[in-house]
Every structure is written in structure tokens, then in C-alpha cells.
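Please look through the sequence and the structure shown below before reading on.

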Amino acid sequence: MTSKVLEFERPIVELEGKIRELKLLSSGSQEMAEEIERLEEKARQLQRERFAALTPWEQVQLAKHPDRPYTLDYLAEIATEFLELRGDRAYADDPAIVAGMCRIGGRPVLTLGHQKGRNTKENLFRNFGMARPEGYRKAQRMFRMAEQFHLPLLAFIDTAGAYPGIGAEERGQSEAIATCLEVLSTLRVPTISVVIGEGGSGGALAIGLTDRILMLEHAVYSVISPRGCASILWKDPEAEQAAATQLKLTAHDVHRLGICDEVVPEAPGGAHRGLASTAANLREALQRHLGELDGLLARGTDALLAARYDKFRRIGHVERVAGA
Amino acid sequence: MAWWRRKKEALDKDSTQAKVSIPKGLWSKCESCGEITYTDELIQNLRVCPVCGHHGTMPTAERIAATLDAGTWQEHDTELRSGDPLGFFDSQHYKDRIEKAVRSSGATEAFRSGVGDIDGVPVSIGFFAFEFMGGSMGSVVGEKVTRVFERALELSRPAVVLSASGGARMQEGVLSLMQMAKTSAARARLRERGLPYISVVLHPTTGGVAASFATLGDIIFAEPKALVGFAGPRVIQQTIGQELPKGFQRAEFLLEHGIIDRIASRHELKEQIATLLRMMTGLPAKAPPPEAAEAEAASAEASPAP
Ligand SMILES: [Zn+2]
């Protein structure tokens with residue numbers, strides 16, 4: 001049962017509540033059972049219809065739904081033997097990014113991802129999933145270790161962005177992110193990233209320059225938060241709904257723009273209303289893409305690296321004028 | 001007393017009147033110390049205030065002329081133009097914003113790429129045009145930056161990029177974000193080939209440009225007092241809710257924190273880039289200027305053979 005309900009989820013959740021009450025009161029009569037079944041079908045239909053018509057702003061709200069599963073929730077579902085590895089060996093361990101080794105379908109994998117907290121105390125510890133330079137340097141350490149031990153890399157993206165703070169700037173936030181990009185671009189093992197919630201700007205992309213980019217159905221990927229964009233271009237942070245629409249940040253938009261390779265379906269009503277089935281969909285997609293990348297790797301590491309370079313080389317929209 | 005002092009005193013006699021009567025464009029006022037200088041003289045001084053040394057905003061055309069040897073600049077990629085892949089509309093259409101920027105800046109995009117010589121060293125080079133939509137990086141800028149690196153590979157030359165940018169261009173959304181990936185991947189190829197890349201960060205460089213190729217230089221130069229950082233100062237201040245320390249994110253701060261290699265004034269930059277590139281690419285030291293060479297020869301003749 002969800003603890004926080006978004007406005008557009010409310011009619012569905014209320015109907016489900018009614019159904020639960022009826023079930024409690026139910027005397028087991030045939031009539032009542034039929035009524036419950038009818039209402040359950042109505043709830044499912046309501047959800048299907050409402051979720052088929054989500055606005056980009058509603059997608060953003062879903063992507064950062066407080067009940068949405070986070071990196072460690074997915075790892076608990078799809079991985080075995082996960083052991084967390086910590087620290088950047090230079091300054092600190094940044095709990096906003098978790099990393100470690102695990103097995104997926106028996107195969108060893110190096111994994112990492114942004115990690116948000118579920119409550120205030122956790123969020124203070126995790127810094128709301130907003131990493132500092134030491135988080136990105138820990139990530140670089142993991143990238144290199146994946147290469148050293150021939151482990152595929154799996155990155156979970158879920159952050160509002162890299163943390164904007166004094167210490168972060170003093171310790172070179174820009175360089176930390178930039179170096180992540182450079183290291184990933186030539187990493188000699190298959191790499192996959194999946195946006196599970198918020199794909200917020202450079203802090204998200206830092207672990208996302210990968211052979212495959214997957215997005216969960218209700219995840220978003222954006223150059224700037226709708227609110228940030230609204231305050232700059234609309235001069236009004238309250239225009240965030242309009243900004244969300246203009247930014248084309250939903251999983252399907254990002255797929256259409258040629259960036260996201262596959263949109264992974266979530267449980268009806270969103271991942272927070274069905275972690276197990278969402279994680280199962282994700283595991284299937286990950287294993288399929290890993291298999292494809294293995295095939296590419298079999299033709300040589302250079303083939304893998306060339307394909308990765310081409311993937312990003314092609315992204316963008318450029319027009320040409322004659323005679324310039 | 002230097003000429004600009006005299007001019008200023010003359011003006012100060014009736015300063016209010018003088019200010020009103022200053023023909024626009026003929027005189028420039030230093031935004032740091034308020035000194036008033038002949039614009040022509042200021043341009044000749046690379047827009048560095050002769051009194052306080054403040055490095056004022058430099059139009060890209062002047063920047064190109066100040067960086068490259070005369071007659072060596074060959075611009076490439078001028079056929080590339082931005083489209084409107086998202087159909088972006090805020091208070092106006094993205095297309096219209098671009099047209100306005102083209103008209104007001106005289107540039108076709110926020111980046112100019114090409115080849116030229118720096119003090120005799122051939123380079124593949126690119127210049128951000130901050131006057132074009134704040135030097136923001138959309139698909140075309142990303143493409144051009146990528147081509148600077150790819151052209152360096154093709155020609156086996158060093159790459160040099162002078163950055164001044166507010167970051168990724170919002171109007172191309174996640175496509176702009178991905179230019180960080182594309183450019184950084186191109187930069188990586190240069191490193192693998194052992195070709196040097198020198199990054200010069202100018203005022204201001206933030207966001208997606210700072211967090212990609214601009215901080216990936218083998219050597220990173222900054223101009224005095226240039227503001228360079230991932231997040232803009234206003235965003236940081238809003239996030240942490242406290243005043244930022246004096247000089248925060250400025251070149252001197254970056255040097256102290258180990259983020260850049262050197263601060264070079266506009267008068268030193270070109271020569272220092274070339275000196276390092278010669279050492280990085282195995283070229284001999286620059287021949288001394290003719291007078292120095294003559295003097296050396298003369299002293300060699302004068303001294304008795306050992
Ligand atoms: Zn001055």
C-alpha cells in the first residue's frame with residue numbers, strides 16, 4: 001500500500017480503498033463477489049486510461065514519487081550476492097552513489113547507481129541522491145575495476161542532479177563529472193545504464209555514457225529540471241509544467257530522440273505499485289542487452305568501442321546550409 | 001603619465017557633463033575600476049584595462065585575432081546550423097531566438113571552429129562565442145567541438161578550445177545534454193593518440209561545458225578572475241542558503257584548489273600555449289628574435305675559443 005498519493009493517483013487509490021473495505025465487509029455472497037470483481041475491473045480500467053494520458057509534468061512527478069523504488073530496491077530484486085564497495089580512495093565515501101559487485105543470472109557484474117533516501121534521516125545521509133565529486137570519483141574507480149576484471153558495468157541513474165555546494169566546487173565537481181564521461185567512453189567492457197527515476201542533467205549522465213541506455217516507462221531524462229528551466233526561460237519557477245512539456249523529457253520522447261534504446265514497461269500504476277513485476281521486466285531487458293553486447297564484444301573490443309562512439313557521435317540535430 | 005590618465009582628468013573637470021557627452025562606442029568604461037579609456041586603445045590592449053588589469057569581455061573575432069598568427073585562421077564547419085528538434089516554445093520560438101542571436105552577434109552559432117597557427121604551432125582550434133545565446137551548447141556547438149578534436153586527429157595536431165559558456169542549451173533538451181558525452185568521447189580519442197589538448201576557460205564557464213571537455217584539458221588555463229564552475233553561484237546560494245565566500249569559483253580560487261594549471265593574462269596566453277605545445281609535441285624551442293640572435297652571435301665571436 002502506498003503511503004503518498006499523487007493527485008492523479010487519488011481516484012484510483014480511493015476506489016481500491018473502497019474495494020478493500022467491501023472485501024472486509026463481504027459476507028461471501030455471490031452478489032458481493034461479483035460487485036467486487038466489477039469494481040476491481042473498473043479500478044484497473046481507470047488506471048489504464050489515466051496512465052495512458054499522463055502529461056509530461058505528471059511523468060516528472062511519478063519519476064520522483066517518494067515511494068518509487070531506488071537502486072538498492074532493484075538490486076535486491078534482480079541481483080544476488082551484492083556486496084557494497086565504498087570510497088574514492090582520496091577523500092571520502094559518498095553515500096549518494098552506491099556501488100558494488102553482484103551477480104545477475106549468475107553472472108558477475110559491477111554495478112553502481114544513485115541512491116536516494118526513503119525518509120529524512122536517510123536523505124540526510126544520502127544527500128537526496130545528489131552526488132558530490134567523491135561520488136563521481138568512486139564511480140571512476142568502479143569503472144576501472146570493471147575493466148580490470150572484465151565485468152560488465154550496470155549503472156542505475158536516479159538523481160535530481162549533482163550537488164551544487166561550496167565543497168563540491170572546491171573539490172572539482174566539473175572535472176569529476178567530465179572524467180567519468182571520458183573514462184566511460186573508452187571502457188573496454190560492455191556497459192548499460194538504466195534511468196529508474198530522475199535523470200537529472202550532468203550528474204545523471206556522468207554514469208550514463210554507456211553502450212545501452214534504458215529507461216523505465218515513467219522515468220525522465222533532462223538537461224535541466226523543469227523548475228530550473230522555468231525560472232530561467234519563463235522567469236517564473238511556477239511555469240514548471242509548461243517547461244516539462246517543452247523539454248521532451250519522458251522516456252518515450254527520449255526514445256524518439258534516438259538517445260534511449262528501450263523503454264522498459266513498469267507495473268500498472270508505476271514501479272512503486274509493483275516492484276517485483278517492474279524488476280522482472282528490467283532483468284529481462286538487461287540480460288537481453290548484455291547478450292547482444294557480448295555478441296558485439298566477440299567481434300573484438302574495438303568493435304564495441306566503435307559502436308559506442310558512433311552511438312553518441314550521431315546524437316543531435318544539425319542542419320546544413322549550402323554555400324556557407 | 002600615461003595618455004589615458006590625462007584624458008580622464010580632462011573629463012573629470014566636469015564629469016557629469018563629460019559623461020553625458022561621451023559618444024557611445026568611442027570611449028569605454030572599465031566595469032571593475034570605472035576608468036574611461038579610448039575604445040580603440042582598449043581593443044589594442046586586448047580589452048585589458050590599462051589601470052587595473054581587468055579583463056573585459058572580448059568579442060570572438062578579436063579573440064581569434066589575439067590567439068592566432070595573422071593570416072593563419074581558416075574557419076570550418078560554417079555550414080552547420082541549429083534546427084528546432086523539440087519545437088521548443090517559451091515566450092518565443094527557439095527558431096526566433098536563434099535568428100535574433102544571429103542578428104545581434106553576427107555569428108551563426110555559439111562556437112567557431114577551424115585551424116590556425118599559435119606562435120607558429122599549427123593547431124585545430126575552437127572558440128566559444130558567448131555573445132551568441134550565452135555560449136550555450138546545443139547540437140551544433142557539440143558537433144563543432146567534436147570536429148575540433150576529430151580534425152586534430154586527422155591532421156595530427158594539438159587541439160585548443162577556448163570556452164565561455166553558460167552550459168547546455170535548454171531549448172534542445174536532452175540532445176544538448178548528450179553533447180557532453182559526444183565531445184568528451186572525442187576528446188578521449190586524442191588522449192589515446194597522445195595528442196595534446198589545451199583548454200582555456202574564460203569568464204564565465206559553467207554547467208555542461210565546464211563538466212565536459214573544458215575541464216578535460218591536459219593543461220587548463222584560465223584568464224584572471226574568470227568564473228568557472230559546475231553550478232552557477234546563484235544556484236549554489238539558493239541551495240545552501242548562505243553567502244558565498246569572496247572570490248568563490250574565480251580563477252584564483254580554482255588555482256588554489258588544484259582545478260586549473262595556470263592563470264595567464266591575455267598578453268601572455270598565446271605565447272605560453274605555444275611554448276607548452278612545442279614541448280608536448282617535440283618541436284624545438286622558438287628561435288630567439290633577430291636582435292637577440294645577433295647579440296648572441298656577436299658575443300660568441302668576441303669571446304675567445306675555449
Ligand atoms: Zn579597470
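Is Lys248(A) buried or exposed? Lys248(A) is buried, because 23 other C-beta atoms lie within 10 Å; here a residue is called buried if 20 or more other C-beta atoms lie within 10 Å of its own, exposed if 12 or fewer, and partly exposed in between, with C-beta atoms placed from the backbone. This is a predicted model, in which local features need pLDDT of at least 70 and side-chain atom pairs count only at pLDDT 80 or more, while totals for chains, interfaces and linings use all residues. Residues are numbered from 1 along each chain as its sequence is written, and chains are lettered from A and ligands numbered from 1 in the order in which they are written.

Lys248(A) is found in the loop between helix H11 (240-247) and helix H12 (251-256) of chain A, where helices (H or I, at least four residues) and strands (E, at least two) are DSSP runs numbered from the N terminus. The phi of Lys248(A) is near 55 degrees, a positive value in a residue other than glycine. Most residues other than glycine have a negative phi, and most peptide bonds are trans. In chain B, Asp119(B) also has a positive phi, of about 50 degrees, although it is not a glycine; Asp119(B) lies in the loop between strand S5 (111-118) and strand S6 (121-128), and it is partly exposed, because 16 other C-beta atoms lie within 10 Å. The peptide bond from His203(B) to Pro204(B) is cis, with omega near -15 degrees, and Pro204(B) is found in strand S8 (residues 197-206) of chain B.

Now consider one helix of chain B. Helix H5 (residues 94-105) has 12 residues and should span 16 Å at 1.5 Å a residue, which agrees with the 16 Å between its end C-alpha atoms; the expected span is 1.5 Å times one less than the number of residues. The buried residues of H5(B) are Tyr94(B), Arg97(B), Ile98(B) and Ala101(B). Seen down the axis of H5(B), these buried residues fall within an arc of 100 degrees, so they line one face of the helix, the arc being that of the directions from the helix axis to the C-beta atoms. An α-helix has 3.6 residues a turn, so residues three or four places apart point the same way. The face of H5(B) turned away from the buried side carries the exposed residues Asp96(B), Glu99(B), Lys100(B) and Arg103(B). What covers the buried residues of H5(B) includes strand S4 (80-82) of chain B, with two residues in contact if their C-beta atoms, placed from the backbone, lie within 7 Å.

How many residues does each chain give to the contact between chain A and chain B? The contact takes 51 residues from chain B and 46 residues from chain A. On the side of chain B that touches chain A, H7(B) gives the most, with 15 residues.

Finally, chain A as a whole contains 14 helices and nine strands, and 50% of its 324 residues count as buried. Among the contacts in chain A with a separation of 6 or more, 69% join residues 24 or more positions apart. The C-alpha atoms of chain A fill a box of roughly 70 × 50 × 45 Å, taken along the principal axes.
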